[in-house]
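Come along and check each entry against the picture.

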Amino acid sequence: MRLRLLLTVVLVACAGSSARAADLPPATKTVEAVIDQLVDAAIADANVIPAAQADDATVIRRLTLDLVGRIPTSGEVDAYVKSGDSDKRAKLVDRLIASPGFVRHQAALFEIMLNPEGDRRGSGALRTYLTDALKDGKPWDVMFREMLLPNEADAKLKGAADFLRGRVSDADKLTSDVSVAFFGVNVSCAQCHNHPHVKDWTQDHFYGMKAFLARTFDNGGFLGERGYGVIKYKPTKGLERVAKMMFLTGATVEDANAKEPTAAEQKAEKEALDKAKAAKTPPPAPKFSGRAELVKIALQGQNADFFARSISNRMWHRFFGGGLVSPLDQMHAENEPTHPDLLTWLARDTAAHKYDLKRLIRGIVMSKAYSRSSQYDSENRPSNKFFAVARLKPMTPQQLSTSLKIAATDPASFDNLTPDDFEKRMEQIESSARGFASLIAQPTDNFQIGVGEALLFSNGDRVLKEMLTDGTGTVLGRLKGMKEKDAVEFLVKVAYGRPATADESKALVVYVEKRKGREADAYKQVLWALVTGTEFRFSY
Amino acid sequence: MPRNTFCGSAAHAIDRRALLGGALAGAALASDMTALNALTAPDVSKALKTKQKRVILLWLAGGASQLETWDPKPGATTGGPFRSIQTDVPGLRISELMPKMAARMKTTCVIRGLNTKNGDHGSAALTMMRGRRDEAALRYPDLGAVVAREFGPTESKVPDYVTFYTQTEGRSMAPGASGFLGARYAPMELTTNNYPEFIKKLDGITDLDHLERGELRNVLGKGFEKGRNSDTLNSQNEAYQRVRGIMASEKLFDITQEPQKMRDRYGPTQFAEQTLIARRLVEAGVPFVRVGRAWWDSHGQNFETHQEMVPELDHVMATLLDDLGERGLLDDVMVMTLAEFGRTPSINASLGRDHFASAWSCTISGAGIKRGSVYGKSDPKGNTVVAEEVDAGSLFATVYSALGLDPHKNYYVGSRPIPLVNPGVEPIKALVG
Amino acid sequence: MKAPNPDTLKLHKDYSRSVITLAVARTDGSETAYFGCSDFKVYAGDLAAAKFEPKELYGHESYVTGVALAGTTLVSGGYDGKLTWFDTAAGKTIRTHDAHAKWIRKVIASPDGALVASVADDMVCKLWDAKTGKIVHELKGHKEKTPNDFGSMLYAVCFSADGKLLATGDKVGHVVVWDAKTGKELGTCEAPVMYTWDKTQRLHSIGGIRSLAFSPDGKQLAVGGMGKVGNIDHLEGKARVEVFDWKEGKRTVEFPGDKFSGLVNRLAWAPDSSWLVGAGGAGEGFLCFFDVAAKKTLRQEKVMTHVHDFAITAAADQITCVGHNKIVTYKLG
């Protein structure tokens with residue numbers, strides 16, 4: 001029964017979402033209120049006991065890592081924990097979202113989302129575009145349009161073309177990647193045969209999407225698009241077919257130019273392309289652009305559900321460590337969301353607010369569901385699908401590397417900086433952490449940390465040289481003259497943003513005392529043990 | 001690294017604990033890192049000999065020509081210039097470029113009827129490393145990861161899966177990958193030299209401090225880990241618990257530990273040295289070593305290329321088999337030659353041969369394979385398989401059987417059973433009976 | 001004797017063959033040519049016949065890579081390491097020697113027909129008495145291994161016009177000039193650009209000196225092969241010719257190639273030294289003419305087949321190219 005309902009929601013052909021809109025929480029409610037209403041309802045329905053709200057130190061660590069990509073300094077933690085302001089969380093969230101660190105970190109995550117395989121990451125241009133777009137507060141639909149219909153003549157928008165550029169040589173991959181990145185749908189298995197497990201996806205869907213995209217090509221480093229051309233494919237049964245431009249919902253676009261060009265047309269086109277190549281300018285756009293049609297149809301009416309649901313699910317996944325639909329590229333009728341109404345409401349709200357990413361993100365991180373503890377002491381740990389206990393999110397390489405640098409820095413050096421200078425300092429640290437970050441694996445769903453990372457941290461000389469030094473301005477440098485107990489407790493505070501427990505303090509003091517006369521070495525090892533520990537590795 | 005995604009169908013809620021079975025239990029055992037020299041003790045080595053199968057895969061990247069190695073067609077228009085020579089197995093002739101192997105074919109099974117249908121380097125390499133094509137939402141572990149998982153003891157003090165691929169061509173197209181088995185069985189990849197990165201302790205720390213620092217790390221984690229549950233967290237601890245063991249295997253990669261006489265036997269080339277290291281590794285219990293030897297993609301000057309490269313393969317492979325035999329390891333260590341595909345019988349205008357997957361060859365030596373055998377037959381010109389055709393799936397089923405594994409054994413991804421080979425695929429009975 | 005101008009080069013005839021023809025020998029004034037082929041056979045063919053149907057004379061056990069005419073005696077060699085003497089007048093085989101331990105790459109006869117030279121991958125050049133088949137000299141001046149510990153190859157050999165000099169060239173670009181009479185080494189030249197060792201990407205090699213030719217006065221030595229190659233799995237290096245003052249061991253001219261890719265498999269000088277011609281190919285073939293004195297490329301002509309060898313008349317007015325599934329004749333003047 002549940003599945004049937006879901007089908008009507010997902011399959012736009014059934015005009016589901018509007019029919020059900022009446023049952024959803026009202027559009028006037030805040031994002032965080034709706035999240036908590038629906039998550040709590042599911043928890044109550046299942047008789048599950050959720051984890052308590054996390055303490056302040058954990059909340060600021062989680063928010064700082066998730067929003068701006070680093071651990072907070074111990075000064076930031078202290079200020080937050082001590083503050084009696086009842087509105088302090090909202091103020092913190094707003095400060096972080098308004099900071100340049102938010103733009104940089106989210107741009108990096110969007111780049112990973114768009115280029116998950118990593119082989120095209122880091123060329124710079126796409127990251128630059130994403131950073132600028134987020135800085136300008138561009139809505140997600142505008143970014144989608146700019147990436148699929150890039151204006152390479154505009155220097156500020158040029159980087160948007162990189163999404164397509166890395167994929168022009170392989171139209172199948174382009175088709176699959178566009179569907180995954182923007183619509184949460186993986187049609188690639190429908191390339192050779194109708195999807196074995198999912199009735200929604202047939203070969204028609206794959207080739208229908210490909211028909212929009214396959215006319216894109218490279219012309220001397222610029223993207224070109226032909227105004228004609230057909231995609232043919234051989235179905236598993238029956239005769240070869242010509243693919244119609246067809247969106248995932250089944251909506252099609254009439255294309256009068258779906259034919260092979262004449263020799264004269266080809267000649268004229270070649271001349272125009274050569275001219276553009278020689279002039280180093282983008283080639284002329286076709287009168288009828290398949291890509292423009294795709295953008296149009298994908299954002300039109302109920303077709304836009306795919307787009308809105310996918311970005312809502314992806315943002316949920318980013319902050320909760322798991323999607324409402326999981327995996328992210330398997331949004332289809334047979335893969336039910338954990339909270340169908342919630343996803344539908346979020347998608348509707350996001351579309352209604354013009355795909356404002358900051359609004360969606362702010363709503364998610366202001367919810368009580370987001371700020372639950374990740375610790376659950378009882379035996380009956382609830383399933384992840386309830387979002388009743390926070391999940392551990394492994395840090396990205398950049399988060400980890402930046403956080404290591406912060407943990408290795410004398411926290412006093414962050415005191416008394418103006419907000420601007422503090423931000424600049426953080427940007428410097430982030431950029432100096434980039435090299436080490438490149439040695440660490442990018443987490444995916446079901447990520448496992450390999451022995452390579454443990455070996456790197458255990459025996460890599462960069463760890464020693466970049467983090468475990470005791471010069472001026474370092475956390476280890478600050479320990480000189482301190483008593484063992486004070487020193488180790490100071491290290492715990494800086495690395496973990498919380499006071500050391502009595503047991504920890506005792507064990508660490510024993511460790512240091514055993515190395516009488518070699519305290520400097522001992523403290524390095526203590527810091528190493530802290531930052532390689534499980535407590536450091538995750539956003540918890 | 002391909003994303004490890006899963007089809008979202010109802011049955012697939014992921015439970016990695018079920019999937020990885022005893023991995024966690026093993027991690028607890030491994031925390032005692034005191035007996036690090038156990039490896040070198042002779043009784044351990046002897047114990048390994050009897051129970052644990054291992055594999056050395058000589059991966060002929062780019063696609064070596066079957067006509068210039070295992071399936072010569074002398075005199076055919078497609079045959080090329082090389083003659084065939086009689087081997088020590090009656091009725092079996094191989095290319096004259098392999099005189100040393102010709103004298104040792106009693107150790108080996110030649111499979112001549114491979115028809116794997118894919119002539120694209122990248123996707124064919126993935127298929128031939130895994131024995132099947134990935135599903136869109138399911139990444140299969142490759143042979144190395146499966147062998148590592150099946151024969152790598154949980155308390156392993158050596159790496160489970162080592163792969164050498166020091167040439168750059170095609171390397172990214174044939175990565176070692178553990179697929180749904182996860183990072184625990186991902187290969188240690190050696191791509192720049194013969195020595196793994198970060199395997200050696202830095203000078204700035206004493207060995208005792210290095211050890212106790214690791215123990216301190218474990219102690220500090222206890223409080224945090226209480227009431228928290230994450231497979232990623234478990235994998236992090238497990239990775240750290242394996243560090244000292246892997247470091248203890250450092251000398252295995254040091255070829256200067258080998259007597260000069262032995263090094264001279266293998267020869268001075270990079271492939272020879274890596275193969276000698278592979279022998280050191282399997283002798284110490286490493287379940288799977290791939291020695292990638294790129295790049296055989298002889299679109300031009302096929303015969304010159306094979307005249308240069310096949311004698312090296314012949315010498316190194318023959319030396320390896322002799323060496324394993326002398327050490328009494330041949331019953332437990334399998335040596336394979338395999339590539340993503342073979343080469344066209346037709347000879348192009350550049351005197352080259354192109355990509356060809358319709359009738360090519362590989363070899364399996366040692367372990368439980370029927371030795372001194374040949375399976376499969378190509379037509380007189382080498383264009384098609386005319387008898388005993390083998391695809392990637394049945395090849396892998398045969399390899400698993402020859403290693404004593406049930407190819408129909410299941411792994412579980414969530415509740416979904418995933419057998420080692422696809423349902424319906426059977427081993428070649430004649431080769432493993 | 002004034003040689004015809006390369007501008008006058010004209011395609012005369014082309015013949016299709018189902019096999020790859022690797023070597024050709026032809027006497028001036030005769031329409032009969034002898035071919036060494038990839039089907040292991042030696043053929044005689046009448047190029048003037050209405051229907052070109054080469055006749056099989058005898059076989060080797062591998063590719064036939066060298067055929068040479070010493071008077072009416074034809075000597076052939078192949079990758080089977082064997083040399084066969086054949087009496088073209090009587091139409092029968094005289095003798096066969098197991099001449100080399102490895103592939104024979106080229107067989108040539110001295111201008112007076114008294115000597116036959118063979119080079120092989122055993123890295124030895126052997127000089128034979130053309131009549132008796134007795135060995136006269138074994139010339140050993142090339143290393144068996146490349147600097148990278150792989151087997152080397154000895155591809156090229158040529159006599160000077162007066163028959164007094166002999167040159168041999170190997171895979172790594174080492175050339176030795178010998179006194180044909182005494183077998184003494186007279187000099188060496190190095191053309192290392194002809195050898196590409198790819199130690200990073202593919203770990204094998206390609207190239208080698210594939211052709212040699214002394215200038216008519218014997219002072220200059222032309223060396224043919226291929227320039228450095230990016231992707232060594234393809235013959236994509238530029239067709240390359242270098243000319244040496246061999247006594248000094250010094251390169252005097254280089255033609256690095258600009259139009260064609262592939263190996264220069266055969267070189268010959270015009271009798272008046274006014275030009276040097278090189279032929280070879282990759283996927284397709286070429287004939288290139290050079291003015292060595294002026295260091296100028298005169299003409300670069302596409303040939304419809306990768307040319308493995310050619311025969312050229314003493315007057316340089318006819319060139320018979322053989323190669324991949326084709327035989328093509330050209331006329332000059």
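**Entry 1: Who touches whom**

Chain A and chain C do not touch, and their nearest C-alpha atoms are 19 Å apart.

Before going on, I noted that this is a predicted model, in which local features need pLDDT of at least 70 and side-chain atom pairs count only at pLDDT 80 or more, while totals for chains, interfaces and linings use all residues. Residues are numbered from 1 along each chain as its sequence is written, chains are lettered from A and ligands numbered from 1 in the order in which they are written, and side-chain values use heavy atoms, with hydrogens and water left out.

**Entry 2: The interface of A and B**

How many residues of chain A are in contact with chain B? I found 57 residues of chain A in contact with 55 residues of chain B.

Next I looked up the area. The size of an interface is often given as the accessible area lost when the parts come together. Here the buried area (the accessible area, with a 1.4 Å probe, that two parts lose on being put together, summed over both) is about 5000 Å² between chain A and chain B. Carbon and sulfur atoms give 59% of that area. Gln448(A), Asn459(A) and Thr534(A) supply 15% of the area that chain A buries against chain B, more than any other three residues.

Then I turned to charges. The rule finds five salt bridges across this interface of chain A and chain B; a salt bridge is a side-chain nitrogen of Lys or Arg within 4 Å of a carboxyl oxygen of Asp or Glu. I picked out Glu212(B), which forms a salt bridge with Lys514(A), with the closest N and O atoms 2.8 Å apart.

Which elements of chain A give two or more residues to the side that touches chain B? My list holds helix 21 (451-459), helix 22 (461-466), helix 24 (502-513), helix 25 (519-531) and helix 26 (534-537) of chain A. Helices (H or I, at least four residues) and strands (E, at least two) are DSSP runs, numbered from the N terminus. Helix 21 of chain A gives the most, with eight residues.

I also sorted the residues on the side of chain A that touches chain B: 23 are nonpolar, 20 polar and 14 charged. For this sorting, Ala, Val, Leu, Ile, Met, Phe, Trp, Tyr, Cys and Pro count as nonpolar, Asp, Glu, Lys and Arg as charged, and the others, Gly among them, as polar.

**Entry 3: Inside chain A**

Is Arg498(A) buried or exposed? Arg498(A) is buried, with a relative accessible area of 18%; buried means under 20% relative accessible area, exposed over 50%, and partly exposed in between (1.4 Å probe, protein chains only). Arg498(A) lies in the loop between helix 23 (484-496) and helix 24 of chain A. Its side chain makes a polar contact with the side chain of Glu504(A) at 2.8 Å and another with the side chain of Glu535(A) at 2.7 Å. A polar contact is a pair of N or O atoms within 3.5 Å; within protein, one must be able to donate a hydrogen and the other to accept it, and residues adjacent in sequence count only if both atoms are side-chain atoms.

I then checked helix 18 (residues 397-407) of chain A: 10 of its 11 residues are buried, so helix 18 is largely enclosed by the rest of the structure. Among the buried ones are Leu400(A), Leu404(A) and Ile406(A).

In helix 6 (residues 88-98) of chain A, the buried residues include Leu92(A), Val93(A) and Leu96(A). The buried residues of helix 6 pack against helix 4 (56-68), helix 5 (74-82), helix 7 (100-114) and helix 17 (357-366) of chain A.

**Entry 4: Chain B at a glance**

I counted 13 helices and 16 strands in chain B. Of the 433 residues of chain B, 65% count as buried.

**Entry 5: An arginine in chain C**

Arg299(C) is found in strand 26 (residues 296-303) of chain C. The side chain of Arg299(C) reaches the backbone oxygen of Asp7(C) at 3.1 Å, and a polar contact of 3.0 Å joins the side chains of Arg299(C) and Glu301(C).

Conventions. Contact means heavy atoms within 4.5 Å.
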